[in-house]
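Visitor: I would like to learn how to read a protein model feature by feature. Could you take me through one slowly?

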Amino acid sequence: WALLALAVTWRSAHRVLALAGCALLAALAWRYWGLLERNTAWLYYLQHIAMFLALGAAFGVTLRSGQEALCTRFARAVEGTLSPGATAYTRGVTLAWAVYCAAMAAASSLLYFFAPLPAWSIFANLLTLPLVGAMFVAESLVRVRVCPELGHDGVLRGVARSVRAYWDSS
């Protein structure tokens, strides 16, 4: 996870701020390692919500006025030029992903603090990936109806094309 966070941070437009955030998290982990070691479940919980909060922030920060939404950037990298309708749609998808990530962090927190630990563990360890997959499938189904001009080559191929185009872009 640390290497992935550093790779994404390095490509960030706010590299210095993102690196400072990573350094702060590393320093906090170092400082409170004994506490985390005695409370391993906390470490897993913090890792789970941190991932969703970071992803949600990555999507959300691009929704500011004057910024290109993250999903718009992905779509432009794959498709080239986008119509105003496709741009509006991808901006909405960016908002949907930001809200989804916040909802996942909230659900994780509610389960961690108010349900038995095994219930949270099932959610975090067994249901997270299928729920992310369901979000991709749902977005793909909506895209077919709402924005037919964007690529419709299946969820997995579309995600792979988007990731490849993003990493190949400058």
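**A polar contact, and what lies around it**

Guide: Let us begin with a pair of side chains, remembering throughout that this is a predicted model: the side chain of Ser 109 makes a polar contact, at 2.7 Å, with the side chain of Tyr 45. Ser 109 belongs to helix 6, and, once residues up to four places away in sequence are set aside, Ser 109 touches Tyr 45 and Ile 49.

Visitor: How many helices and how many strands does the protein chain have?

Guide: The protein chain has 8 helices and 0 strands, and the order of its elements from the N terminus on is therefore written α-α-α-α-α-α-α-α. For contacts between residues at least 6 apart in sequence, 61% join residues that are at least 24 apart.

Visitor: Which residues have the most contacts inside the largest nonpolar core?

Guide: A nonpolar core is a set of buried residues joined through side-chain atoms within 4.5 Å. Here the largest nonpolar core has 25 residues, and those with the most contacts inside it are Phe 52, Phe 59, Trp 97, Tyr 100 and Leu 150. At least two residues of this core are supplied by each of helix 4 (40-61), helix 5 (70-79), helix 6 (84-114) and helix 7, while the largest share, 10 residues, comes from helix 6.

Visitor: What share of the 170 residues in the protein chain do buried residues make up?

Guide: Buried residues make up 25% of the 170 residues in the protein chain. Buried means under 20% relative accessible area, exposed means over 50%, and partly exposed lies in between. Ala 107, which lies in helix 6, has a relative accessible area of 26%, so Ala 107 is partly exposed.

Visitor: How many salt bridges does the structure hold, and where should I look for them?

Guide: The structure holds 2 salt bridges. In one of them, Glu 139 pairs with Arg 143, with the closest N and O atoms 2.8 Å apart; both residues lie in helix 7 (residues 117-146), 4 residues apart, which is about one turn of the helix. Glu 139 and Arg 143 are both buried. There is also a salt bridge between the side chains of Glu 68 and Arg 76, at 2.6 Å from N to O. Glu 68 has a relative accessibility of 30% and so counts as partly exposed, and Arg 76 is partly exposed as well, with a relative accessible area of 32%.

Visitor: Which residues make the nonpolar surface patch?

Guide: A surface can be read by asking which kinds of atoms supply it, and the protein chain exposes about 10,900 Å², of which carbon and sulfur atoms supply 71%. The nonpolar surface patch, of about 490 Å², is made by Leu 24, Leu 25, Leu 28, Tyr 32 and Leu 35. Helix 2 (residues 15-31) gives the largest share of this patch, 3 residues, and Leu 28 is found in helix 2. Since its relative accessible area is 40%, Leu 28 is partly exposed.

Technical notes: Residues are numbered from 1 along each chain as its sequence is written. This is a predicted model: local features need pLDDT of at least 70, side-chain atom pairs count only at pLDDT 80 or more; totals for chains, interfaces and linings use all residues. Side-chain values use heavy atoms; hydrogens and water are left out. Patches are made of residues with over 30% relative accessible area and no salt bridge: like charges are joined within 9 Å, nonpolar side chains (Val, Leu, Ile, Met, Phe, Trp, Tyr) within 5 Å. Accessible areas come from the Shrake-Rupley method with a 1.4 Å probe; for residues, only the protein chains shown count as cover. A salt bridge is a side-chain nitrogen of Lys or Arg within 4 Å of a carboxyl oxygen of Asp or Glu. Buried means under 20% relative accessible area, exposed over 50%, partly exposed in between (1.4 Å probe, protein chains only). A polar contact is a pair of N or O atoms within 3.5 Å; within protein, one must be able to donate a hydrogen and the other to accept it, and residues adjacent in sequence count only if both atoms are side-chain atoms. Contact means heavy atoms within 4.5 Å.
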